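Please load the model in a viewer and keep the selection tool at hand.

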Amino acid sequence: MSGVPQIDNVLAPRVADVAQQARAFVITTADDYLRACEFLHAIKALRAEIASTFDPHIHTAYEAHRALCAEKRKAEGHAIEAEREIKTLIATWDTQQETAR
């Protein structure tokens with residue numbers, strides 16, 4: 001799909017390794033705790049970088065989706081009105097025929 005952002009060669013290895021690095025953490029000392037807190041900040045920064053890569057594209061796609069849905073509703077308006085009218089005529093005919101029996 002064109003226009004879809006891809007995780008670049010710099011970001012991809014960092015994303016792949018973050019979960020493995022987190023699983024390797026063990027906190028048994030105050031220094032381990034501090035390292036874990038620093039790693040948490042690094043994770044938050046990585047997530048912000050991922051968001052800045054994808055969120056603008058997601059927003060653009062969402063706005064395009066909304067605009068297309070509005071155009072579709074506008075285009076279908078007369079057809080929906082015509083369908084409703086014909087269904088009413090058919091229902092009236094059916095009712096008249098049942099009454100005549």
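The model is predicted, so local features need pLDDT of at least 70 and side-chain atom pairs count only at pLDDT 80 or more, while totals for chains, interfaces and linings use all residues. Residues are numbered from 1 along each chain as its sequence is written, and side-chain values use heavy atoms, with hydrogens and water left out.

Next, select α1 (residues 11–24) and α2 (residues 30–100); helices are DSSP runs of H or I with at least four residues, numbered from the N terminus. Their axes come within 11 Å and cross at roughly 145°, the axes being lines fitted to C-alpha atoms over the stretch in contact, with angles from 0 to 180 degrees between N-to-C directions.

Now display the contact (heavy atoms within 4.5 Å). On α1, select Leu11, Arg14, Val15, Val18, Gln21 and Ala22; on α2, select Phe39, Ile43, Leu46, Glu49, Ile50 and Thr53. These residues divide into eight nonpolar, two polar and two charged.

Move to Val18, where α1 bends by about 35°; a bend is the angle between axes fitted to the seven residues ending at a residue and the seven starting there.

Finally, centre on Gly77, the site of a kink of about 40° in α2. Between its end C-alpha atoms α2 spans only 91 Å, whereas a straight helix of 71 residues would span 105 Å at 1.5 Å a residue.

How values were computed:
Helices (H or I, at least four residues) and strands (E, at least two) are DSSP runs, numbered from the N terminus. Ala, Val, Leu, Ile, Met, Phe, Trp, Tyr, Cys and Pro count as nonpolar, Asp, Glu, Lys and Arg as charged, and the others, Gly among them, as polar. The expected span of a helix is 1.5 Å times one less than its number of residues.
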